[in-house]
Amino acid sequence: MSAKITTTALLNFTTQHLIRVKNLFNLPLVSLTVSNLKNIFSKLLCRQAGLGEKLSELSKFTKYSNAPLIPVLLLAISFVLSFRISDVRSGEFKGNGLDPLSGDYTVGLSMFNGAGDYATITEALSDLNLKGANGPVRFLLIDSTFNSETLPLNIVPWTGMSSVNNLTIKPDTGVSSVIRGSSSIAAFNIDNADYFTLDGSNADGGTAKNLTVENTNANGSTIRFINDALNNSVKNCVIKGNSITSGVIFFSTTTGSSGNDSNTILNNDITGGALNGIWNVGTGTTSSTKNSGNRILSNRIFDFVLRGIADYGNSAGTLYEGNEIYSNTVQSGTFLHGFEVNSNTVEGFTFRNNYIHDLKVAIYVQVYGIALLDIQTSFTGVIYNNFISLSQNDASFLIGIYDFAPPSANFNIYFNSINIYGIVGGAKKSYCYLRHASISDFRNNILVNSRTGGTGNYAIRVNTDLVSFTSNYNDIFARGVMGNVFGNYNGTEVTNLISWQSLTGKDLNSVSADPKFISITNLHIDSTQLSPVSNTGIPIAGITTDYDGNTRDAVVPDIGADEFSLYGVEPLSGDYTIGLSMFNNAAYATITAALSDLNLRGASGPVKFLLIDSSYISESLPLKITPWEGMSSVNTLTIKPDIGVSSAIRGSSSTATFNIDNGDYFILDGSNVDGGTTKNLTVENTNANGSTIRFINDALNNSVKNCVIKGNSITSGVIFFSTTTGSYGNDSNTILNNDITGGALNGIWNVGTGTTSSTKNSGNRILSNRIFDFVFRGIADYGNSAGTLYEGNEIYSITARPESIFLACFEVNSSTIEGFTFRNNYLHDLKVTGSVPVHGIALHDIQAAFTGDIHNNFISLSDANSNDLRGIGDVSASGVKYNVYFNSINIYGTVTGSKIPFAISEMNQILI
């Protein structure tokens, strides 16, 4: 509620905010002298943008008191600390200073947004603890940095705390913030508090990571849950720490009755060089007091020293799902584990749909993707639908899943895909799966070991007795060369599946063959090839989806983490990702593979191939766009970068990079936003004999837009409207909003072969492109075309051309051109190094009885070297028709020698 500023309200605030003044400036109360208060007040005025403009407002306070300066200044300071600047100017303020909090409050001293309701997060939390809440409270950060907080920021119970009266701290709209400091405890210490959310996104409901939280102290975690912290959430943040005692995020002890339960860590980057990314170690000795029901979801956890995630006891039912765990930098600790569980007080857990890869270490360090070392008797750890891809040449032991728990431990290990690869030397070993003595159910897993060298590389190894071990319906595959072996049972090497089955009695329904991974790091199955893991698994109760969330076959699921459909089974429809970037779990490794699958299956709806990699340099060029089953104006094909991705497709082909050969309704869209116009895709052909985009053999209704298109063809152009063997020509295609460049003879080369109107390249549109740094012509229409529209293009040179023939922005030169329209274009700065002709527009010929329309163009030329500088050069034969209207031509500059400039030179019949 709002109220007018009154004497009573100001006096009420004075006492309440003396402590806030003291805390803000780190002053003892006894030091609040006149001199100190003047200094404080000066600082406050500087912080409060705009208040200093109206110092006269402060003089009004004196009419409420005849007291000396100190009470007056205290009133003013209290006023400044308590109200928004907008409230001061309007003569109103928010609340009466005693009401519980409810709603949104800004935090910070940002001069761009006006000072916040609170100067610091410390102050905001203090006020919440003082007043409590009677509704949801959000503290919105408006500063870019918060480096002067009193750490730890303690989240403790406040009056009214509930699922409704919750607390959120997050950046305000459009703000990116950093909270950084040093604390031997934590940056955020969530101590017995419930329903607190730390949300790093600066959009409501967003997923962007606009908040970084960092603790620089080597003894403290960054986020700590302690003493029955319940139902809290940390999401969308970059969380950094370098703790040598715990982890970046620490699920800690309790003195209460519930443990730290039902908390969620979602969509964060967790990094910084701490011993552990996430450290889960409680103290509860009963189920009710353990850290229970916590969820670790969809985080990137990287550059830890020892463990990405460590569950070290007194926990129950933790869910670890959808996380990516890896190293960017080489670690030199004694070992490196992606996920480790290691306590007989862990009452079960679920580890599913995670991706562990690239655990990089110094020489002779042990590397385990998953380390299962212990769990509480009568409880089960469930591990399924995970990708594990490891290749570390320096690791002394490289193990996908290290199952080394005691005989009392229970683990269910299902539907995982593990790939070990690389070449090593020295005393080094590797295993996809190594089991010691636990009670383990191991089914539907893919184990591939192709690592060579060292002293033994195995797909599987099992020690001790097999009574408590179930293993079946797996694909166990080793390459079998240079120290690469199928398996090892209790010290005995086993060379193949048949011998393994005979020796162990296990894996009677398993297979041993290459599963056809898309790549060594992308462990999806290549659906364009027959795979031995297709429909060869067995259903597992409760597991109905795969790594990507796709539904598993209820009768004969696929082995491994990826449930897939072989080519030709179902037509394509919808969005499919392409690339090797495992951040996004691509459906196809290459564009080549995706197009091959489309040609095999066809389409039953619109298809989008979304590029998720930054570069595609290993494609089989040309990328052929040919008719696919179901191709129509509805069942279109689009290739474009995925949201937020910038990509380059680059290679060498004497034909083209994209060869649109009788393909219709294809869209190459370079924007990484649906409906966007940004140019986030570069397409380049480095071959001097090939174009970059070629339309051939009745390519109809296709579109190339929002791309940077590069080529250096000495035979055609960067974009080539080519010949046809069909009945239509290459018609109704659109080239829109591209940068067309690279040093080819022509930017756009339009030369068909049709001898009748129906077979010529007809109705194509060249719209709003930038065409520059060509050798001869920006656009060249050289025949067998009809009604092409060239509109809104900018055609120019950045670098001077050394060619000795001529340079033209636009040229038409064939008696087989059935008219054209060239309008609203801007031609300028054609630069040459030699004394050669330079023409803005060169009109040489079109077909009799048809007209070329040239109107609304800007032509601005000035080149001192050109011996023949023409805005519009018309040298067509008599009887050729052009309509030349509303053009603006400017020829300027100073030259020497025999050089002739023309705005318009004409020989034909110009109709004006």
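**Salt bridges and parallel strands in a predicted model**

Let me start with Lys 170, which at 3% relative accessibility counts as buried; buried here means under 20% relative accessible area, exposed means over 50%, and partly exposed lies in between, with a 1.4 Å probe and protein chains only. Residues are numbered from 1 along each chain as its sequence is written, and side-chain values use heavy atoms, with hydrogens and water left out.

What does the side chain of Lys 170 meet in a salt bridge? The partner is Asp 199, at 3.4 Å from N to O, a salt bridge being a side-chain nitrogen of Lys or Arg within 4 Å of a carboxyl oxygen of Asp or Glu. This pair links distant parts of the chain, since Lys 170 sits in strand 7 (residues 167–171) and Asp 199 in strand 10 (residues 196–199), 29 residues apart. Strands (E, at least two residues) and helices (H or I, at least four) are DSSP runs, numbered from the N terminus. Asp 199 also counts as buried, at 6% relative accessibility. Both residues belong to a network of salt bridges that links Asp 104, Arg 138, Lys 170, Asp 199 and Asp 204.

Glu 684 is buried, with a relative accessible area of 18%, whereas Arg 650, at 32% relative accessibility, counts as partly exposed. The side chains of Arg 777 and Glu 811 meet at 2.7 Å, N to O; here Arg 777 is in strand 63 (residues 777–781) and Glu 811 in strand 66 (residues 807–813), 34 residues apart. Both of these residues are buried.

An open sheet of ten strands has the order 46-49-52-55-58-62-65-68-71-74, with parallel pairing, and its edge strands, strand 46 (615–616) and strand 74, each pair on one side only. Two strands count as paired if DSSP finds at least two bridges between them. Strands 49 and 52 pair in the parallel sense over five bridges, with Ala 648 standing opposite Thr 682 in strand 52. Further along, strand 68 (residues 826–828) pairs with strand 71 (residues 858–861) in the parallel sense over three bridges, and Tyr 826 stands opposite Phe 858 in strand 71. Strand 71 is in turn joined by four bridges to strand 74 (residues 888–891), the two running parallel, and the bridge partner of Phe 858 in strand 74 is Ser 888.

Of its 912 residues, 59% count as buried. Among contacts with a separation of 6 or more, 82% come from residues 24 or more positions apart, a contact meaning heavy atoms within 4.5 Å. As for the helices, helix 6 (residues 121–131) has Ile 121, Glu 123 and Asp 127 among its buried residues, and just after helix 6, Gly 132 takes a positive phi of about 80°.

Terms used: This is a predicted model: local features need pLDDT of at least 70, side-chain atom pairs count only at pLDDT 80 or more; totals for chains, interfaces and linings use all residues.
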